Amino acid sequence: MGSLTICDHPLIQHKLTHIRDKETNTKDFRELVDEVATLMAYEITRDIPLESVPVNTPVTEAVGKVISGRMLGLIPVLRAGLGMVDGMLKLIPAAKVGHIGLYRDPDTLIPAEYYVNLPADATQRMLIVIDPMLATGGSANAAIRTLKQRGCQQIKLMCLIAAPEGVAAVQKAHPDVDIFLAALDERLNEHGYIVPGLGDAGDRMYGTK
């Protein structure tokens with residue numbers, strides 16, 4: 001079973017409280033999401049392997065550590081996932097970025113892809129699927145399935161907040177995928193919204209509601 005990590009650093013929790021606040025305006029919301037993504041990037045990259053390399057300091061020769069081989073790819077789920085990409089690129093600027101666009105079929109209510117654009121070497125990279133909200137798990141599962149169908153095997157999922165129902169759905173469908181959250185909320189309500197949640201991340205990020 002993939003691991004579930006709650007990134008409970010005080011700075012993340014402080015900023016997440018302001019993200020939840022309905023009085024937070026669009027500009028501040030975007031900036032806070034960007035900042036939390038940067039902080040979460042520390043946690044999600046914690047297990048990247050290192051190798052030793054020689055380095056000449058101003059004083060003497062030494063042995064330092066650098067990231068060993070494993071390349072990263074960031075895969076935001078459109079549109080809300082885009083708001084977390086720049087924050088992660090601040091720490092891992094060499095990561096390549098792909099995109100997955102999903103919409104909910106009005107008849108079946110099942111997520112369907114309308115756009116997929118991945119790095120040419122995606123199968124060789126550790127891919128981080130980025131979606132601020134993990135509610136029912138439908139979109140996350142569809143995005144992960146899309147990657148696996150294209151031969152990608154090293155996948156992690158990064159979300160701001162999640163409902164237990166969404167976490168359970170992803171763990172059942174993709175038990176090999178590690179999940180990283182800033183918070184695990186109480187539940188889904190009858191309309192499929194996360195409680196207490198933060199509203200619709202995309203609408204609040206782009207001022208469309």
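Predicted model: local features only at pLDDT ≥ 70, side-chain atom pairs only at ≥ 80, totals over all residues.
Student: Where is Gln-153 placed, and which residues is it in contact with beyond its neighbours within four places in sequence?

Tutor: Gln-153 lies in the loop between α4 (138-149) and β10 (155-162). Once neighbours within four places in sequence are set aside, its contacts are Lys-148 and Asp-176.

Student: Does His-174 count as buried or exposed?

Tutor: His-174 sits in the loop between α5 (164-173) and β11 (178-184). Buried means under 20% relative accessible area. At 7% relative accessibility, His-174 therefore counts as buried.

Student: Which backbone oxygen does the side chain of His-174 reach?

Tutor: Leaving out neighbours within four places in sequence, His-174 is in contact with Asn-141, Ile-144, Arg-145 and Lys-148. At 3.3 Å, its side chain reaches the backbone oxygen of Asn-141.

Student: What is the relative direction of helices α1 and α2?

Tutor: The axes of α1 (residues 10-20) and α2 (residues 26-44) come within 9 Å and cross at roughly 155°. Angles over 145 degrees count as roughly antiparallel. So α1 is roughly antiparallel to α2.

Student: How many residues of the contact of α1 with α2 are nonpolar?

Tutor: The α1 side includes Leu-11, Ile-12 and Lys-15, and the α2 side includes Phe-29, Leu-32 and Glu-35. Of the contact residues, 1 is polar, 2 are charged and the nonpolar ones number 10.

Definitions and conventions:
Residues numbered from 1 in each chain as written. Heavy atoms only, no water. Axes fitted to C-alpha atoms, helices over the stretch in contact; angles between N-to-C directions. Helix = DSSP H or I, 4+ residues; strand = E, 2+ residues; numbered from the N terminus. Parallel < 35°, antiparallel > 145°, perpendicular 65-115°, else oblique. Contact = heavy atoms within 4.5 Å. Nonpolar A, V, L, I, M, F, W, Y, C, P; charged D, E, K, R; others polar. Buried < 20%, exposed > 50% of the residue type's maximum accessible area, 1.4 Å probe, protein only. Polar contact = N/O pair within 3.5 Å; in protein donor to acceptor, adjacent residues only side chain to side chain.
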